[in-house]
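Here is my note on this model, point by point. Please keep the structure open while you read.

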Amino acid sequence: MGTFKIEGGIQLKGEVQPQGAKNEALQILCAVLLTHEKVTINNIPDIIDVNKLITLLGNLGVKIQKNGHGSLTFQADEVNVGYLETEAFKKEGGSLRGSIMIVGPLLARFGKGYIPKPGGDKIGRRRLDTHFEGFINLGAKFRYEREDHFYGVENKGRLNGTYMLLDEASVTGTANIVMAAVLAEGTTTIYNAACEPYLQQLCKMLNSMGANIKGVGSNMLIIEGVESLGGCTHRILPDMIEIGSWIGLAAMTRSEITIKNVSWDNLGVIPNVFRKLGITLERRDDDIYIPAHTKGYQIKTDIDGSILTIADAPWPGFTPDLLSIVLVVATQADGDVLIHQKMFESRLFFVDKLIDMGAKIMLCDPHRAVVMGHNFKSQLKATVMSSPDIRAGISLLIAALSAKGTSTIQNIEQIDRGYERIDERLRALGANIVRV
């Protein structure tokens, strides 16, 4: 396992270009299975989770051509569906949660899709029911091998369009069902669909391939099935989670940073949530400029004077992936905030590491924590810690960069799963960080 050694307390300065969106990439890459024609994807992030999925596609028989940094062309004209039932696939597919989204395209095009119980972050229960209930509604038969934790759906001929009300607005569940429905016979209506920018991007890409999806950006998608899809060229959005991470890093280290080409129109409430923490950020064309917060930042209260609550919610609400960042940034704010993580029951369990560093945090229960900010009057102390998941890992890295002394973060592969060359990019801003 790799390790970061970080000398904290250094003010950073410069410009940073956000990577392509991890969560969009995992959906878009699976969609290449829907056509035998060439699909070119640009702005692909070079991170562990995405690279694992690309390797999985290659093992399925998808031809992959590298065009340059972040640009690949895929052609799924000789897919080996038999690979899905091999021991190698069970091991490979189980190491990546995003692999669940190959099921919809494979089911639609080849009549079968299998997946072992997916891996990913250990942040709580992450159910797959929405995915498979959607496939069953489209006419597929469900298969589950309890002993091997192996899931599957099968169908003879084309799937049949139908109306469905999703039990939760699952982003990956919606994506999977959409990819299955675009080749189904008839009309599929998906109500309570997720409408995150990642999902909108997927729908726009599928429409450019010849699909007929209406209602993109809303929670009701209407899909007229087509017999086949063609190739396309698609560019992935900048990663809104990484953009939020850079905002938090700038504030916490009191650094002057410009985040380039952020696609402001796709950031939703993210800038305003950071403004509620007292963080100043300016829109300059399509960039975000964060000045050095030498005098700190003050948390706003609600209109009636009560403590601010920041909670996650389905889009256009605040993304749960940024709550860990907000929590760590609040530790040096002037004021108090209640962080309410509704979706995952284990995502806040990294706060003990921040408490060890001197942060004032009260964990109320698995879903809620109250943070009492130091207002930079008491600097966090360097320590040795381990990264439990992607977002907690980057939060601990931000804490270490602001702390007094040299910190060690172990298990940094968790951070590498979602952040491209993070140590190199931090060093370009002036950080003292070494990968061991």
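1. First, a term. A residue is called buried when its relative accessible area is under 20%, exposed when that area is over 50%, and partly exposed in between. Keep in mind that this is a predicted model.

2. Start with Cys 30. Its relative accessibility is 0%, so Cys 30 counts as buried. Cys 30 takes part in no disulfide. The nearest cysteine sulfur belongs to Cys 232, and it lies 14 Å away.

3. Across the whole structure, the search finds zero disulfides.

4. Now the annotation. An unreviewed UniProt entry lists Arg 97, Asp 321 and Met 343 under "binding site". Two of these are described below.

5. Where is Asp 321 found? It sits in the loop between strand E17 (308–311) and helix H10 (323–330). Asp 321 is buried because its relative accessible area is 13%. Beyond its neighbours within four places in sequence, Asp 321 contacts Asn 23, Ile 241, Arg 347 and Arg 391. With Asn 23 there is a polar contact, side chain to side chain, at 3.3 Å.

6. Met 343 lies in the loop between strand E18 (336–340) and helix H11 (351–356). Its relative accessibility is 44%, so Met 343 counts as partly exposed. Setting aside residues up to four places away in sequence, Met 343 touches Asp 312 and Pro 320.

Conventions
Residues are numbered from 1 along each chain as its sequence is written. This is a predicted model: local features need pLDDT of at least 70, side-chain atom pairs count only at pLDDT 80 or more; totals for chains, interfaces and linings use all residues. Side-chain values use heavy atoms; hydrogens and water are left out. A disulfide is a pair of cysteine sulfur atoms within 2.5 Å. Buried means under 20% relative accessible area, exposed over 50%, partly exposed in between (1.4 Å probe, protein chains only). UniProt positions are given in the numbering used here, feature names are shortened, and annotations may be inferred rather than shown by experiment. Helices (H or I, at least four residues) and strands (E, at least two) are DSSP runs, numbered from the N terminus. Contact means heavy atoms within 4.5 Å. A polar contact is a pair of N or O atoms within 3.5 Å; within protein, one must be able to donate a hydrogen and the other to accept it, and residues adjacent in sequence count only if both atoms are side-chain atoms.
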